[in-house]
Amino acid sequence: SLLVQLFTVCAVICAARAFGILLPAWLIVVTTAPILLLASMPVTFGGWGTREAAAVAGWSFFGVAPALAVAAAAAYGAYALLQAPLALWLRPGTGQVREPDGMPR
């Protein structure tokens, strides 16, 4: 779980850097938690909208233009959207129940 959070924060940092947001990495790490917390609220589909609003609210305090914050948060959302089909394609197995030794039942 900690490794997943580390990769998530790295993805947010990469998205921010891709749009020229030059906040220190430690600041992005600190602000990622509330951004993703708001994205997990069950009021939208996949966090779209709340994640971007939280990024604007959190990062504009530090001088980031709202358009850049929205773009970076949307890019992070696109990362997840693009990797979902890849995860389905790469998942192990064919839907068969397997024994611990890897052989199908």
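**Exercises on a cavity in a predicted model**

The largest cavity has a volume of about 50 Å³, where a volume is the space filled by probe spheres set on the grid points, joined across faces, edges and corners. This is a predicted model, in which local features need pLDDT of at least 70, side-chain atom pairs count only at pLDDT 80 or more, and totals for chains, interfaces and linings use all residues. Residues are numbered from 1 along each chain as its sequence is written, and side-chain values use heavy atoms, with hydrogens and water left out.

**Exercise 1.** Find which residues line the largest cavity, and which elements give two or more residues to the lining.

*Solution.* Begin with the term: on a 1 Å grid over the protein atoms alone, a cavity is a set of points where a 1.4 Å probe fits but cannot get out, and lining residues have an atom within 4 Å of a point. The lining consists of Val12, Thr32, Ile35, Leu36, Arg51, Ala55, Trp59, Ala72, Ala73 and Tyr76. Helix H2 (25-39), helix H3 (50-60) and helix H4 (66-90) each give two or more of the lining residues, helices being DSSP runs of H or I with at least four residues, numbered from the N terminus.

**Exercise 2.** Sort the lining of the largest cavity into nonpolar, polar and charged residues.

*Solution.* Ala, Val, Leu, Ile, Met, Phe, Trp, Tyr, Cys and Pro count as nonpolar, Asp, Glu, Lys and Arg as charged, and the others, Gly among them, as polar. The sorting then gives eight nonpolar residues, one polar and one charged.

**Exercise 3.** State what share of the chain is buried.

*Solution.* Take buried as under 20% relative accessible area, with a 1.4 Å probe and protein chains only; of the 105 residues, 28% then count as buried.

Terms used: Buried < 20%, exposed > 50% of the residue type's maximum accessible area, 1.4 Å probe, protein only. 1 Å grid on protein atoms, 1.4 Å probe; cavity = no way out; pocket = protein on both sides within 12 Å on 5 of 7 lines; lining within 4 Å.
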